[in-house]
Each structure stands twice: as structure tokens, then as C-alpha cells.
Amino acid sequence: MVDVLLGSLATFVTVPILAWIAVYWITKRLTKKKKRSFLLATDVTTFFLILSVLVIMYTIWSLSFIWPIMVVLLLVVIGITFVFWKQDKDVGIYQIIKTSWRFNFLLFSTGYLFLCLYGLIIRVINIGW
């Protein structure tokens, strides 16, 4: 049982889109609400995307990028807070964190795609030489 759980987690970190599909499918079956299922799948997948970007960066450059990623996460929260403040919106910390987390989904999805392509190109070039 533990092996299945660890295998699933490793698969979700390696290919985060599978985590999104699994969470969306399960929550859609349980709740019958497409929008809520979509948002929950996005929220859960963000965690796997962050881990995946960390692993890919470590694989490509053999360096740990934990601190830079933590700084990026913090800068996103600060940026979202600043935008809400400039719009004179009175929002709570929950709204800021939720918006930041969803923005991080877009940011790390893009990073994941670019890093996968970059890693693939680098590997192909290194094999060709």
C-alpha cells in the first residue's frame, strides 16, 4: 500500500498534469460541480508543479533552488497584495493567498513547460555530440 502511495506521489511530481486530471476527475464525480472541481484540481496541482520545477532545476543544473523559489513565492504574494492595495480593494489574507496560489499555478506551469523543453533540448544536444 505504501509503495502504491509513494509511486503515485512520484508520478504526480514527475508529471503534474496527471495530478490535475486525477483530482478533477475524483472531485467532479463526488461534487458534480465542474467549476469547483477545476479550481480544486488547480490548487492541488500547484503544489506538485512547485516540486516538479524544483526537481527539474536540480536535474538540469545540479543545484538546489529552494531559496530562490521561496523568494519567488513571497514576491508573488507581495505583488498581489500591492495590486489589491492600489485598487483600493478591502480583501482579507485568504483572498490574497488564494489569488497568489492560483497565479503561482500559471507561473510554475509555464516554468515547468519551459524547463522540460530546455532539458530535452540540452539532452538531445549532449547526446548528439
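Buried means under 20% relative accessible area, exposed over 50%, and partly exposed in between, with a 1.4 Å probe and protein chains only. The model is predicted: local features need pLDDT of at least 70, side-chain atom pairs count only at pLDDT 80 or more, and totals for chains, interfaces and linings use all residues. Residues are numbered from 1 along each chain as its sequence is written, and side-chain values use heavy atoms, with hydrogens and water left out.

**View 1. Overall fold of the chain.** The secondary structure comprises five helices and zero strands; helices (H or I, at least four residues) and strands (E, at least two) are DSSP runs, numbered from the N terminus. Along the sequence the pattern reads α-α-α-α-α. Taken along the principal axes, the C-alpha atoms fill a box of roughly 55 × 40 × 25 Å. Of the 129 residues, 26% count as buried.

View 2. Lys32 is exposed, with a relative accessible area of 67%, and is found in the loop between helix H2 (16–31) and H3. Its phi is near 65°, a positive value in a residue other than glycine. Lys32 forms a positive surface patch with Lys28, Arg29 and Lys34. Patches are made of residues with over 30% relative accessible area and no salt bridge, like charges being joined within 9 Å and nonpolar side chains (Val, Leu, Ile, Met, Phe, Trp, Tyr) within 5 Å. Lys and Arg count as positive and Asp and Glu as negative, while His and the chain ends are not counted. The place of a charge is taken as NZ of Lys, CZ of Arg, CG of Asp or CD of Glu. Lys34 lies in helix H3 (residues 34–61) and counts as exposed at 55% relative accessibility.

View 3. Ser62 sits in the loop between H3 and helix H4 (66–86). Phi of Ser62 is near 55°, again positive in a residue other than glycine. With a relative accessible area of 53%, Ser62 is exposed.

**View 4. The largest nonpolar core.** This core has 12 residues: Leu49, Ile50, Val53, Leu54, Ile56, Met57, Phe65, Ile69, Phe105, Phe108, Tyr112 and Leu115. H3 and helix H5 (93–128) each supply at least two residues of the core, and H3 gives the most, with six residues. A nonpolar core is a set of buried Ala, Val, Leu, Ile, Met, Phe, Trp, Tyr and Cys residues joined through side-chain atoms within 4.5 Å.

**View 5. The salt bridge between Asp43 and Arg102.** A search of the whole structure finds one salt bridge, defined as a side-chain nitrogen of Lys or Arg within 4 Å of a carboxyl oxygen of Asp or Glu. Asp43 pairs with Arg102, the closest N and O atoms being 3.1 Å apart. Asp43 lies in helix H3 and Arg102 in helix H5, so the pair ties together parts that are 59 residues apart in sequence. Asp43 is partly exposed at 21% relative accessible area; Arg102 is also partly exposed, at 24%.

View 6. Val2, Leu5, Leu6 and Leu9 form a nonpolar patch on the surface, with about 380 Å² of accessible area together. Accessible areas come from the Shrake-Rupley method with a 1.4 Å probe; for residues, only the protein chains shown count as cover. Leu6 lies in helix H1 (residues 2–14).
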